[in-house]
Structure formats: C-alpha cells, structure tokens
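I opened a notebook page for this structure and wrote down what I looked up, entry by entry.

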Amino acid sequence: MDCIFCKIAAGEIPSNKVFEDERCLVFHDIAPAAPVHALVVPKRHSASILEADDETIGHLMRVARETAKTLGLSEGGFRIVVNTGVEGGQTVDHLHIHVIGGRSMTWPPG
C-alpha cells in the first residue's frame, strides 16, 4: 500500500510524534493551519471515518481529546475536525482527526 499515513504509522517516514499506542499515532502536521495542529491517525488503514469500526472511532476521539489537553489547548479552545471525501476536504485517503488550536486559527488551510 502506498499510503503516506500508513508509512508514518509504521515508522518508515519520520514524524514529530505527540503520542503513540498500539492502535494510533498522533503527530504534528507538517503544514499547520494554526500554531498547534496535530493529526490523530489509526495505525490500521481505513480510508475514512465511514470505513472505520465504532471502537476505532471512539478510541481516536478519546485520544484527540487527550491530545488537546496535552498540547495546552483546553483553556483557550480548539477544533477537532474530520474531513471525509474529496468534497469534504479530505486530501489523504487515510482516516485522520485534526486537533487544531491556538491563535490565528484558519480553516481550511491555505
């Protein structure tokens, strides 16, 4: 499979890790839309939230919440965003949750 997020999760491509467990990886986005922008990705490939099982989605959302706390976003506010499909703004065909916060938040990026 030629999925960049699968390669990052497998350690084949380096990333700036925030958190990792047996089911997911959290790393800083290389093109952040705000001062704090991390991605929560499952290690097992799912193209989108529509393909992932409920247990995986629940785990990823719990990790996204804890990531926001860990990155100091609890007090000032943050966004948790899941883009699904081309028309939904998804640019990588691997489920990922954006945890975005800090001053100067813009969405969509670019």
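**Strands, a histidine and a pocket**

I began with β4 and β5, which run antiparallel and are joined by four bridges. The model I am reading is a predicted one. For F78 I looked up the bridge partner in β5 and found G101.

Next I took the whole sheet. I noted five strands in an open sheet, ordered β1-β2-β3-β5-β4, with antiparallel pairing. At the edges I found β1 (17-20) and β4 (78-81), each of which pairs on one side only.

I then went to H98, which lies in strand β5, residues 97-101. Is H98 buried or exposed? I put H98 down as buried, because its relative accessibility is 7% and the cut-off for buried is under 20%. I looked for a side-chain partner as well, and a polar contact of 2.7 Å joins H98 to the side chain of H37.

I recorded a volume of about 180 Å³ for the second largest pocket. Its lining has 13 residues, and those closest to the centre are R23, P42, R44, D53 and T56. Which helix gives the most to this lining? I found that helix α2 (residues 54-70) does, with three residues. Sorting the lining of the second largest pocket by class, I wrote down five charged, four polar and four nonpolar residues.

How values were computed
Residues numbered from 1 in each chain as written. Predicted model: local features only at pLDDT ≥ 70, side-chain atom pairs only at ≥ 80, totals over all residues. Heavy atoms only, no water. Helix = DSSP H or I, 4+ residues; strand = E, 2+ residues; numbered from the N terminus. Buried < 20%, exposed > 50% of the residue type's maximum accessible area, 1.4 Å probe, protein only. Polar contact = N/O pair within 3.5 Å; in protein donor to acceptor, adjacent residues only side chain to side chain. 1 Å grid on protein atoms, 1.4 Å probe; cavity = no way out; pocket = protein on both sides within 12 Å on 5 of 7 lines; lining within 4 Å. Points joined across faces, edges and corners; volume = space filled by probe spheres on them. Nonpolar A, V, L, I, M, F, W, Y, C, P; charged D, E, K, R; others polar. Pairing = 2+ DSSP bridges.
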